[in-house]
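Please look at how the two chains meet and at what is packed inside them.

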Amino acid sequence: MGSGRCAACRYLRRKCTDDCILSPYFPSNNPQRFVSVHRIYGASNVSKLLQRLPTHLRAEAADSLYYEAQCRLEDRVYGCVGLIFLLQQQIHAAESQLIKTQAEIAVMKSQVQHP
Amino acid sequence: MRSREPRSTCSCAACKLLKRRCGPNCIFAPYFRSDEPKKFAIVHKVFGASNVSKILIEVPEEQREDTVNSLAYEAEVRLRDPVYGCIGAIALLQRKMVELQHDLALARARLALYAATCSAGIANTGSDRFNMTALAEFPVACGGIMDGFSQTCYELNQDAHMYDFTQIPYI
């Protein structure tokens, strides 16, 4: 019976029931996935969050929690928010370049039209 | 003998919520002031006080404020978008970055065409040699693991205003 437990119930050393909410999203063949999520959010918080969601959205939620947990484990200070900050900086730089290039186009265009 | 240690008269937001005594070495006290109860409430709801405490203990003291602010931001976004959390925000930003890369490449190609036109004195060269180096100049942050999220997140989160990108506290 123990071999049928999901990764969560195996880690938490409890019986994995048929209606275990974590079981579909934390299969026994990927124990690290649950360990990562549990370290950052805790099994109880993850269960509560998934329970509040419609069933068809729970897989995506579990995946996003896992990804965010991984980011936080790699960067304890900023987690995935560091990536948001980096992307914002990149967008700002690209927008500045685009504005500059468009201004140069306007100058060039006027030179072509009025040599 | 009666202890001379004064009883704390001002618990931090964490100890107030957890209904415990806020000692002088409370790890939460410097970052969860009593006048900001919501900040700890949302962090506790998403991560749990125990996990937050463990994370704070692991980082140098000078980085704990940034850590708390990023946890608070992440928690707030997760509560607003329980399915995708910050991943949704990242997917939107990546999509915007790809669009900008495309626009920039086109603009630079157009500029190159005008420059060639100016220097050659020809009205319309019809050249289709585009400067694609603009793409390499702005590689989009984050690896392939995000690819699976991008399309789904974009379709389900057209309401982009829910991600208030101006409110990262540590900027």
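Between chain A and chain B of this predicted model, 16 residue pairs are in polar contact, both residues of each pair being at pLDDT 80 or more. On the side of chain A that touches chain B, helix 2 (31–40), helix 3 (43–51), helix 4 (55–74) and helix 5 (81–113) each supply at least two residues, and the largest share, 22 residues, comes from helix 5 of chain A. The residues of that side divide into 24 nonpolar, 10 polar and 10 charged.

**Extent of the interface**
- In total, 44 residues of chain A are in contact with 54 residues of chain B.
- The two chains bury about 4,500 Å² between them, with 71% of this area on carbon and sulfur atoms.
- Within chain A, the residues that lose the most area to chain B are Tyr67(A), Val77(A) and Ile84(A), which together account for 13% of what that side buries.

**Salt bridges**
- The rule finds 4 salt bridges across the interface of chain A and chain B.
- Arg72(A) and Glu74(B) meet through their side chains in a salt bridge, at 2.9 Å from N to O.

**Nonpolar cores**
- The largest nonpolar core has 50 residues, of which Leu22(A), Phe26(A), Tyr41(A), Phe28(B) and Phe47(B) touch the most other members.
- Helix 4 of chain A gives the most to this core, with 6 residues.
- Leaving aside neighbours within four places in sequence, Leu22(A) is in contact with Ala8(A), Arg14(A), Phe34(A), Val46(A), Ser47(A) and Leu50(A).
- A second, separate core of 24 residues includes Val81(A) and Leu87(A) as well as Ile87(B) and Leu111(B).

Technical notes: Residues are numbered from 1 along each chain as its sequence is written. Chains are lettered from A and ligands numbered from 1 in the order in which they are written. This is a predicted model: local features need pLDDT of at least 70, side-chain atom pairs count only at pLDDT 80 or more; totals for chains, interfaces and linings use all residues. Side-chain values use heavy atoms; hydrogens and water are left out. Contact means heavy atoms within 4.5 Å. Buried area is the accessible area (1.4 Å probe) that two parts lose on being put together, summed over both. A polar contact is a pair of N or O atoms within 3.5 Å; within protein, one must be able to donate a hydrogen and the other to accept it, and residues adjacent in sequence count only if both atoms are side-chain atoms. Helices (H or I, at least four residues) and strands (E, at least two) are DSSP runs, numbered from the N terminus. Ala, Val, Leu, Ile, Met, Phe, Trp, Tyr, Cys and Pro count as nonpolar, Asp, Glu, Lys and Arg as charged, and the others, Gly among them, as polar. A nonpolar core is a set of buried Ala, Val, Leu, Ile, Met, Phe, Trp, Tyr and Cys residues joined through side-chain atoms within 4.5 Å. Buried means under 20% relative accessible area, exposed over 50%, partly exposed in between (1.4 Å probe, protein chains only).
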